[in-house]
Amino acid sequence: MKWAVYNILFLLVYPLLLPGFLVRMLRRGGYAARFGDRFALYPEPVLKALGRRDALSDSHDPRANASAFVWIHAVSVGEVQVAGQLMREWRRVEPGVRFCFSTTSSTGWKMAEREVGEGDVLVYNPLDFPTFVRAALQTVRPRAVVLVESEIWPNFIRRAAKHGVPVFLVNARVSDRSAPRYRAARWLFKDVFHCFAEIFAQSALDRDRLLAAGAPPKRVEVSGSFKFDVARRNPAKEAELGEWIAAAVGPVGKRGRILLGGSTWPGEDEALLDIYRRLLEARRAKGAEGPAPVLVIAPRHFEKADAVEANIRSAGFQCVRRSRGDAARASVADGAPPVLLADTTGELTGLYALADVVFVGKSLSAHGSQNMIEPCLCGKPTVVGPYTENFRPVMSDLLAADAIVQVGDAAALEAEVARLMAGGADAAALGERAAAAVKSRCGVVARCVASIRERLK
């Protein structure tokens with residue numbers, strides 16, 4: 001009865017959401033041409049790549065076919081990176097494995113294109129309605145399904161499990177916001193969580209929240225966060241970005257220290273610009289010599305870059321914008337360097353490696369935070385605001401290692417930025433502790449892949 005209610009609600013709610021999908025397609029582009037994927041209507045190249053597969057039957061055992069695809073589903077940029085790390089490790093121990101990678105957003109699709117291999121298939125996830133889910137599983141016929149973090153789709157999970165497809169949840173987390181909802185809907189989610197072969201939780205808190213939502217204790221393991229393994233440096237990208245920065249504000253030794261705002265949200269750009277302006281004013285008041293510090297802003301959503309550029313110019317600075325190929329050196333009347341606007345995707349870790357001090361966004365004026373592991377991996381003094389709910393286990397580890405600075409408001413952020421931008425032993429030691437903390441917590445992905453593969457034997 002409850003599943004009939006769930007499906008009826010789905011039919012009532014989805015038409016109300018459809019206009020929003022259409023607006024996003026017009027604004028962002030990307031997945032309009034593959035909208036049929038959501039109804040399990042795949043184009044011919046996808047069907048050809050998947051091969052001819054018989055419909056699922058109740059007696060079908062996908063584990064008998066080791067050549068079948070492993071279906072992995074991830075949505076956000078961070079989730080896709082987690083999935084990519086899992087895929088790389090799986091390929092390392094099983095070179096012939098093939099993946100069907102599904103996502104739900106055009107942003108996730110662009111990131112996923114970088115992770116899938118030649119023999120893999122990339123699709124949009126089907127709508128969570130029995131007809132579409134069954135058709136998708138009939139077509140892909142996976143040997144296993146791996147969902148990332150909080151991708152709980154009841155019909156998809158139940159249908160896969162019903163036909164003997166082992167379903168796993170990796171890097172599982174339950175946010176502060178979702179926890180009470182899961183508890184309130186325990187009557188629904190208990191059945192769903194019992195369909196999982198194994199759940200790998202990021203922390204003990206996430207495990208407890210999953211148990212409160214009805215997950216069976218024997219199937220929930222605290223593995224730690226995949227995101228410590230996901231962070232990787234890219235020397236080639238660092239060199240390319242270094243050339244861009246050098247062309248704009250001068251090479252190392254002839255430019256000041258770099259303050260980077262990574263994955264900033266509205267309100268945080270303005271706060272950083274205010275802090276930067278006052279840093280320059282204090283420097284002039286002291287009669288400091290040498291090159292002035294440089295501010296680089298990398299907004300979380302590149303489509304908001306025009307608004308960020310407007311803020312930069314309103315603050316009295318010239319703007320050098322990465323997406324336009326801006327590279328010519330520029331300066332304003334008082335001699336301050338231009339503010340650099342990094343509005344491209346896939347380059348943030350490279351920027352972290354070039355910065356001297358990092359502020360990680362969505363933590364000061366918005367809730368949740370973005371990934372603070374990457375600047376720590378690069379050994380950079382890193383500051384976050386008070387709102388880091390999405391990285392609670394990661395923050396717990398980093399704070400325990402005295403490897404990151406967390407501030408309560410913009411005034412405290414300014415004080416810490418000023419202290420760290422001055423350089424010195426304290427800033428260097430903070431960066432060293434950050435790099436060591438990340439390195440010591442790696443290895444989660446390999447352990448989880450080994451456990452999943454053992455269950456598939």
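Helix 19 (residues 444-456) lies across strand 4, strand 5 and strand 6 (198-201), and runs at about 175 degrees to strand 6. Angles run from 0 to 180 degrees between N-to-C directions, with axes fitted to C-alpha atoms, for helices over the stretch in contact. Helices (H or I, at least four residues) and strands (E, at least two) are DSSP runs, numbered from the N terminus.

The model is predicted: local features need pLDDT of at least 70, side-chain atom pairs count only at pLDDT 80 or more, and totals for chains, interfaces and linings use all residues. Residues are numbered from 1 along each chain as its sequence is written, and side-chain values use heavy atoms, without hydrogens and water.

The open sheet holds 7 strands in the order 3-2-1-4-5-6-7, with parallel pairing. Strand 3 (121-124) and strand 7 (220-222) are the edge strands, each pairing on one side only. Neighbouring strands are turned by 20 degrees against each other on average, direction ignored. Helix 6 (residues 154-162) packs on this sheet and touches strand 1, strand 4 and strand 5 (167-172) (contact: heavy atoms within 4.5 Å). The direction of helix 6 makes about 155 degrees with that of strand 4.

Pairing requires at least two DSSP bridges between two strands.

| Parallel pair | Bridges |
|---|---|
| Strand 1 and strand 2 (residues 99-103) | 4 bridges |
| Strand 1 and strand 4 (residues 144-148) | 4 bridges |
| Strand 2 and strand 3 | 4 bridges |

Ile72 stands opposite Phe101 in strand 2, and Phe101 stands opposite Leu122 in strand 3. Trp71 has Val145 in strand 4 as its bridge partner.

In strand 1 (residues 70-73), Val70 and Ile72 on one side and Trp71 and His73 on the other are all buried, that is, under 20% relative accessible area (1.4 Å probe, protein chains only).

Definitions and conventions:
Buried < 20%, exposed > 50% of the residue type's maximum accessible area, 1.4 Å probe, protein only.
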